[in-house]
Amino acid sequence: MTDVNAYHVEPKKIDEEIEEVEIKEELAIQTVGLKKHFGRGYNLVKAVDGINLEVKEGEVHGYLGPNGAGKTTSMLMIAGTIRPTAGKGYIFGKPIGSPAANKQLGVAIANPKFWKTMSAYKYLVYMGQLHGLEKTLAKERAKEFLHILEMTQHGHRLPVAFSTGMKAKLAVAQALMHHPRLAILDESTAGLDPESRFKLVNTIKELADILGTSIFVSGHILTEIEKLVSRVTIIVKGKIGLQGITLREMRKEFSTGQFSLECSNPEQVMQDLFNMGVTSQIFMDHNNVIIFTSDFIDSVYAWLPEILKRNGAILQQFGPLEVTLEEVFINVISKRYGSDFLYEDKILEEFQDEQKGIFGRLTRRSK
Ligand SMILES: Nc1ncnc2c1ncn2[C@@H]1O[C@H](COP(=O)(O)OP(=O)(O)OP(=O)(O)O)[C@@H](O)[C@H]1O
Ligand SMILES: [Mg+2]
């Protein structure tokens, strides 16, 4: 008889595997198999399901993912606010949640809450003191940050009465008051109008540069994130979909090999390019930009001036078509979970609409 136990392999405990990992002190954030599960049985939610993150010192690292992907939960674990279910994490080599890690950290989590009786200025001073600053220095820094964020005239006001944009700025300021080595910013530009967002993104970037602070930032507005970050990690349903890739690597890896050409008289120019036989898959997009691939791009470069001249066309832009962060984001999510994942919410909405219809009829009948 076969001895079933002969095939039995004792499962290796997660913690044992993690013991073997080398702690890298040079990394601003390092997580190994970090997990957070909520609830049990049918209610089990694997909010963060074994993530290995690496955020380098001095970089602005974007943390992207759809709603409910696990961004805030991961950030709260790294910030030591909630305890991981399993796995480990380090901030400059110090275990997450330890005083040594927290000392190097500034945190701004989405939708900040403020005290009802403390002015914005006093709040910053107090937060600075909590982070270990002397009162005089905390006062100096509070004034400095209010000035940088163009909020000096609002310093005496109560932040509970602030607009979303002003609250967001104040949350970023308190996170940076003690000039931490690492700042974790969760959705810091969410709910802001485009102009305020643009300004805040630029200020964060400048501050990170001046203070030498590493920044781990989550967000939804990918065009803004693209301007802010040097590297991104994408999380989907609690798992890492794309780990720590630079925007340059990302463009290379996800490049479609397409070129774009913008000029006047695009129809004739496109026809000439097509007739030359050195392009393939040539078409014009809805913005009148000519898109094509080519195995003979040197010939295209060489002949383009003549083609433009012949058609009396003026060149506006020509070069490889750059993929946007948004395209990569959608690509990663669809590849991992199928393109339906992106539309699940929509399907649900449509379903609800249908239901509304049915109930609508029922209500009418019962009248
Ligand atoms: N305290 C909690 N109890 C139960 N489930 C939770 C709790 N906190 C978070 N979750 C669940 O964990 C998952 C991840 O949530 P999380 O807030 O981390 O996502 P997120 O990526 O920050 O989303 P968003 O973009 O909407 O902010 C979600 O399914 C959420 O419902
Ligand atoms: Mg969140």
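This note goes through a predicted model, taking its sheets, its helix contacts and the surroundings of its ligand in turn.

1. The six-stranded sheet. Six strands make up an open sheet, in the order β7-β8-β9-β4-β10-β11, and their pairing is mixed. At the edges are β7 (105-108) and β11, each of which pairs on one side only. From one strand to its neighbour the average turn is 15°, direction ignored.

2. Pairings of β10. Strand β10 (residues 231-236) is joined to strand β11 (residues 239-246) by five bridges, and the two run antiparallel. Across this pairing, Arg231 stands opposite Thr246 in β11. The two strands β10 and β11 form a hairpin with two residues between them. In the turn, Lys237 has a positive phi of about 45°. Strand β4 (residues 60-64) is also joined to β10, here by four bridges and in parallel. Leu64 has Ile234 as its bridge partner in β10.

3. Helix α2 lies across β4, β8 (182-186), β9 (214-218) and β10. The direction of α2 is at about 150° to β8.

4. The residues around the ligand are Phe38, Gly39, Val45, Ala47, Gly65, Asn67, Gly68, Ala69, Gly70, Lys71, Thr72 and Thr73. Two or more of these residues come from each of β2 (45-51) and α2 (71-78). By type, the shell divides into four nonpolar, seven polar and one charged.

5. Contact of α6 with α7. From α6, the residues Gly165, Ala168, Lys169, Val172 and Leu176 meet Ser196, Leu200, Ile204, Leu207 and Leu211 in α7. The residues of this contact are seven nonpolar, two polar and one charged.

6. Contact of α4 with α5. Helix α4 (residues 120-130) and helix α5 (residues 135-148) have axes that come within 8 Å and cross at roughly 130°. At that angle, α4 and α5 are therefore oblique to each other. Their crossing is right-handed. On the α4 side the contact is made by Tyr121, Leu124, Val125, Gly128 and Gln129. On the α5 side it is made by Lys135, Ala138, Lys139, Arg141, Ala142, Phe145 and Leu146. Sorted by type, the residues of the contact of α4 with α5 are seven nonpolar, two polar and three charged.

7. The four-stranded sheet. Another open sheet has four strands in the order β13-β14-β12-β15, with antiparallel pairing. Its edges are β13 (280-284) and β15 (315-320); each has a single partner strand, so one side of each is left without a neighbour in the sheet. The twist from one strand to the next averages 15°. Inside the order, strand β12 (residues 259-263) pairs with strand β14 (residues 290-293) over three bridges, in the antiparallel sense. Ser260 stands opposite Ile291 in β14.

8. Helices α10 and α11. Helix α10 (residues 266-276) lies across β12, β13 and β14, and runs at about 170° to β13. It also packs with helix α11 (residues 297-310) at an angle of about 135°, the axes being 9 Å apart. The two helices α10 and α11 are therefore oblique to each other, and α10 passes α11 in a right-handed crossing. Val269, Asp272, Leu273 and Met276 in α10 meet Trp303, Ile307, Leu308 and Arg310 in α11. The residues of this contact divide into six nonpolar, no polar and two charged.

Notes. Residues numbered from 1 in each chain as written. Chains lettered and ligands numbered in written order. Predicted model: local features only at pLDDT ≥ 70, side-chain atom pairs only at ≥ 80, totals over all residues. Near = placed C-beta within 6 Å. Nonpolar A, V, L, I, M, F, W, Y, C, P; charged D, E, K, R; others polar. Pairing = 2+ DSSP bridges. Axes fitted to C-alpha atoms, helices over the stretch in contact; angles between N-to-C directions. Contact = placed C-beta atoms within 7 Å. Parallel < 35°, antiparallel > 145°, perpendicular 65-115°, else oblique. Left-handed = near helix turned anticlockwise from the far one by under 90°.
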